[in-house]
Amino acid sequence: MGEWTVHDIRRSVATHMARLGVHQEHIERVLGHVVQGVAGTYNRYSYLDEKRAALEMWGKLWN
């Protein structure tokens, strides 16, 4: 196995979540990406339930 970085883990998480059918918007929120434009300005919803569900789905892959 070659050298890796923390971003390799983030990429793997995003890839697996997409494969599991998690909405891209929720993946972006899990990764902590800042939403740009009008959506980032006006949408102040925390997405806690959606992020929790996405992380639980991803976590079940490793049980």
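This briefing covers the salt bridges, nonpolar core, surface patch and aromatic pairs of the structure above. The model is predicted. It holds three salt bridges and two aromatic pairs. Its largest nonpolar core has seven residues. A nonpolar surface patch is made by M1, W4 and I9.

- The side chains of D8 and R11 meet in a salt bridge, at 2.1 Å from N to O.
- D8 and R11 are three residues apart in helix α1, so about one helical turn separates them.
- D8 has 21% relative accessibility and counts as partly exposed, because buried means under 20%.

- Helix α2 spans residues 24-30 and includes R29.
- R29 forms a salt bridge with E25. The closest N and O atoms of this pair are 3.7 Å apart.
- Both R29 and E25 lie in α2, four residues apart, or about one turn of the helix.
- R29 counts as buried, because its relative accessibility is 17% and the limit for buried is under 20%.
- E25 is partly exposed, with a relative accessibility of 39%.
- Beyond its neighbours within four places in sequence, R29 is in contact with V35, N43, Y45, Y47 and K51.

- R52 pairs with D49 in a salt bridge, the closest N and O atoms being 3.2 Å apart.
- Helix α4 (residues 48-60) holds both R52 and D49. The two are three residues apart, about one turn of the helix.
- R52 is partly exposed at 45% relative accessibility.
- D49 has 51% relative accessibility and counts as exposed, because exposed means over 50%.

**Nonpolar core**

- The largest nonpolar core is made up of V13, A14, M17, V22, I27, L31 and A54.
- Helix α1 gives the most to this core, with three residues.
- L31, one of the core residues, touches R10 and A14 when residues up to four places away in sequence are not counted.
- A14 is likewise a member of this core.

**Nonpolar surface patch**

- M1, W4 and I9 make a nonpolar surface patch of about 440 Å².
- M1 lies in the segment before α1, the helix of residues 6-19.
- M1 counts as exposed, because its relative accessibility is 95% and exposed means over 50%.

**Aromatic pairs**

- The count of aromatic pairs comes to two.
- W58 and W62 form an aromatic pair that is edge-to-face. Their rings are 6.2 Å apart, centre to centre, with 70° between the planes.
- The pair is classed as edge-to-face because the angle of 70° is over 60 degrees.
- W58 counts as partly exposed, at 25% relative accessibility.
- W62 is exposed, with a relative accessible area of 54%.

Methods:
Residues numbered from 1 in each chain as written. Predicted model: local features only at pLDDT ≥ 70, side-chain atom pairs only at ≥ 80, totals over all residues. Heavy atoms only, no water. Buried < 20%, exposed > 50% of the residue type's maximum accessible area, 1.4 Å probe, protein only. Contact = heavy atoms within 4.5 Å. Patch = residues over 30% accessible without salt bridge, like charges linked within 9 Å, V, L, I, M, F, W, Y side chains within 5 Å. Areas by Shrake-Rupley, 256 points an atom, 1.4 Å probe, with all protein chains shown as cover. Salt bridge = Lys/Arg side-chain N within 4 Å of Asp/Glu carboxyl O. Phe/Tyr/Trp six-rings, centres within 6.5 Å; stacked < 30°, edge-to-face > 60°. Core = buried A, V, L, I, M, F, W, Y, C linked by side-chain atoms within 4.5 Å.
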